[in-house]
Amino acid sequence: MPDVAFWQGNEALAHGALAAGCRFFAGYPITPSTEIAEIMAEELPKLNGRFIQMEDEIAGIAATIGGSIAGRKALTATSGPGFSLKQENLGFAYIAEIPIVVVDVMRGGPSTGLPTRTAQQDVMQARWGTHGDHGTICYAPSSVQECYEIAIKAFNAAERYRQPVLILSDEIIGHMREKVVPPTIKPEDLVERKRPTDIPEKFVPYRPDPKDDLPCMASFGDGYTWHITGLTHNDWGFPTNNSDEIEKMMKRLMRKIDRFRDDIVEYETVLTDDADVLVLAYGSVARTSLRAVHEARTRGIKAGFFRPITLWPFPDKELEKLARKVKTIIVPELNCGQMVLEVERAVHGKAKVVAQNLVNGELFKPEDILSVIEEVA
Amino acid sequence: MPSQEVFNWLRTRFFPHIWCPGCGHGIIMHSLLRALVDLKKKKTETVIASGIGCSSRMVGYIDACTVHTTHGRSLAFATGIKLANPELTVVDVMGDGDCTAIGGNHFIHACRRNIDITAIVMNNNIYGMTGGQVSPTTPVGSLATTSPYGAIDPSFDICKLAEGAGASYVARTTIANPKQAEQFIKAGINNKGFSVVEILTHCHTQFGRRNKRRTPIDNVNFFKANSVPLNKAQEMSPEELAEKIVVGEFVKREIPEYTAQYLSIIERVGGLKNGK
């Protein structure tokens, strides 16, 4: 690992995943995420890892889940159209509790949309894209350095909580080059999935450990036999139609994010102590927003900045506290207004919420956001 | 009754099974288990994947490393498992809908890669679990709930499809010949490459009752009366073969296997010294 690198966001994500212990990648080429697959294709065999280009996006995530079931930390990467196709098996990984990391480097939609231009139109799909209820862990990096660090966090969360973890990057972050100082990773910085301690005859694959309410996970090939299904199942992993067992499974699936919410949620604040106007932004837009906030300060406006690093779970409690102090929250997004709905839910009328939306494939300019700050201040 | 060795591979805890009385799927399960016992496979090193439908429920009843995936996708899951750990024996059981409709793309690409997986296609010519809809292997003219006036689209020949797409072992039999099914499954598992064993089975509940094969025994008799061994079929005209089921081993060829090739790349780039 170099001491200092000059990487694109996609490169940093790939190298971060390798540093996290990722040793399996299956995917399908798609702009603007393809560099991640290309780097994994080159680097994984050198580490006795496995790379495979599958026949389509659906197979890409299916093989990734397969790689994880066989005991490897596994990654797939895509963009909007592919993210739509992956929703089916993403649901499988949620219900079967298989740890994987899925990167979506966002581009404009709907459908084929804008393959080479940036957008933030997939943030609600990340939360609600697959059918059925489940908790979501989703990170949004806003720098190349953070792509590297978030790749490691995402694998740790996937292995810790036994579920898919999403990284929503975007075309700007994915293709921008910046200086990266890869942190030194010690073995104790990495989370490995909890293996069963029971002898194979006593192993009940989905029985939660009373300590953390999470089941241990055996890998195929390490001495246990067990059943995995996408059907609603009991502790044995066997399909059930028993109302009590159905409810038990569903409640535990939801609870694992609720219970560890405070450990998972991450956000950043700048100049919020005395702020009247708060700009809430994530991903590439956070960079423009921060610049606009600093510029507003030089003009005597008490502006502050709030950046959710986890889009899901959303830092609602933390935002709600700030909303009691500020008058207005501006939410600039490269979509027609998605996270602003979550902001309104969290703020619950305690501050005025103003949406600022751009869907022409461009990034905001700092002066665009500054002008809204000046308007509301 | 199954032998004790076969019985040991069953998760009797999960019985009774969901299949209709007289269903052919149990005969295929028994053939598979006899093959695994005979090949002295270990349950902890045997993976059995499945898709969706009646066929897919087989894996729940087998005490091995079993994964019941999404509709048509089982081969893509199985590919990931096999590549991640090539030491595992990987079998994939699927229905005709899994194999030739929703999972057709995964099927032809698994054939093309020649990855060491044995696909057992349980072809009953119908979507049974959802109530008898037409499938890509429903014979032309047959009645189904979504072909109430008779199917008009030609059906797939799964073995020809597998051969054309590059599988290294391809065979077909019917549930009327369970010993042959066992023999072909064993040959498929022993083949270092992608193997396809198509086993014609019946759904008297959803296909048979609408197509003059109402009872299980009607179907067994149908298979017996219409099966033609490959060597005999080679002497028959296409017209004579039109309504027949050609059984036998169609393809046996040695071609490079996918995971072996990938491991040689790992060796070439010095990855072996870097552990798992």
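In chain A, the C-alpha centres of domain 1 and domain 2 lie 26 Å apart. This is a predicted model, so please take every value I give as computed from that prediction. The domain assignment of chain A puts domain 1 at residues 5-189 and domain 2 at 268-376.

How many residues of the two domains are in contact? On the domain 1 side of chain A there are 21, and they meet 20 residues of domain 2 of chain A. Five elements of chain A give two or more residues each to the domain 1 side: β6 (114-118), α5 (123-128), β7 (138-139), β8 (165-170) and α7 (171-175).

Next, a sheet in chain A. Five strands make up an open sheet, and the order across it is β11-β13-β12-β15-β16 (chain A), with mixed pairing. Which strands stand at the edges? They are β11 (267-270) and β16 (352-357) of chain A; each has a single partner strand, so one side of each has no neighbour in the sheet. From one strand to the next, the twist averages 20°.

If you want a residue pair to look at, A:Val270 has A:Phe305 in β13(A) as its bridge partner.

Two helices pack on this sheet. Helix α10 (residues 284-298) of chain A touches β11, β12 (277-280), β13 and β15 (328-333) of chain A, and its direction makes about 165° with that of β13(A). Helix α12 (residues 339-347) of chain A touches β12, β15 and β16 of chain A; here the angle is about 160°, taken against the direction of β15(A).

Stepping back to chain A as a whole, it has 13 helices and 16 strands. Its radius of gyration is 21 Å, close to the 21 Å that the globule rule gives for 377 residues, so chain A is as compact as a globular protein of that length. The C-alpha atoms of chain A fill a box of roughly 70 × 45 × 40 Å along the principal axes. Of the 377 residues in chain A, 56% count as buried. Among contacts in chain A between residues at least 6 apart in sequence, 76% join residues at least 24 apart.

Now the contact between the chains. It takes 40 residues from chain A and 39 residues from chain B. Which elements of chain A each supply at least two residues to the side that touches chain B? They are β2 (22-27), β3 (50-53), α3 (57-69), α4 (80-96) and β10 (227-229) of chain A. The largest share of that side, nine residues, is from α3(A). The side of chain A that touches chain B has 21 nonpolar, twelve polar and seven charged residues.

There is also strand pairing across the two chains. β10(A) pairs with β2 (residues 65-68) of chain B in the parallel sense, over three bridges. Within that pairing, the bridge partner of A:Ile228 is B:Val67 in β2(B).

That leaves chain B. Its secondary structure comes to eleven helices and eight strands. The radius of gyration of chain B is 19 Å, close to the 19 Å from the globule rule for 276 residues, so chain B is as compact as a globular protein of that length. Along the principal axes, its C-alpha atoms fill a box of roughly 60 × 45 × 30 Å. Buried residues are 52% of the 276 in chain B.

One strand to finish on: is β3 (residues 89-95) of chain B largely enclosed or exposed? Six of its seven residues are buried, so β3(B) is largely enclosed by the rest of the structure. β3(B) pairs in the parallel sense with β1 (residues 46-50) of chain B, over five bridges, and there B:Val47 stands opposite B:Val90. β3(B) also runs parallel to β4 (residues 118-123) of chain B, joined by five bridges. In that pairing, B:Met94 has B:Val121 of β4(B) as its bridge partner.

That is what I have for today.

Terms used. Residues numbered from 1 in each chain as written. Chains lettered and ligands numbered in written order. Predicted model: local features only at pLDDT ≥ 70, side-chain atom pairs only at ≥ 80, totals over all residues. Pairing = 2+ DSSP bridges. Helix = DSSP H or I, 4+ residues; strand = E, 2+ residues; numbered from the N terminus. Axes fitted to C-alpha atoms, helices over the stretch in contact; angles between N-to-C directions. Contact = placed C-beta atoms within 7 Å. Nonpolar A, V, L, I, M, F, W, Y, C, P; charged D, E, K, R; others polar. Rg over C-alpha atoms; globule rule 2.2 N^0.38 Å. Buried ≥ 20, exposed ≤ 12 C-beta atoms within 10 Å, placed from the backbone. Domains from an automatic or database assignment.
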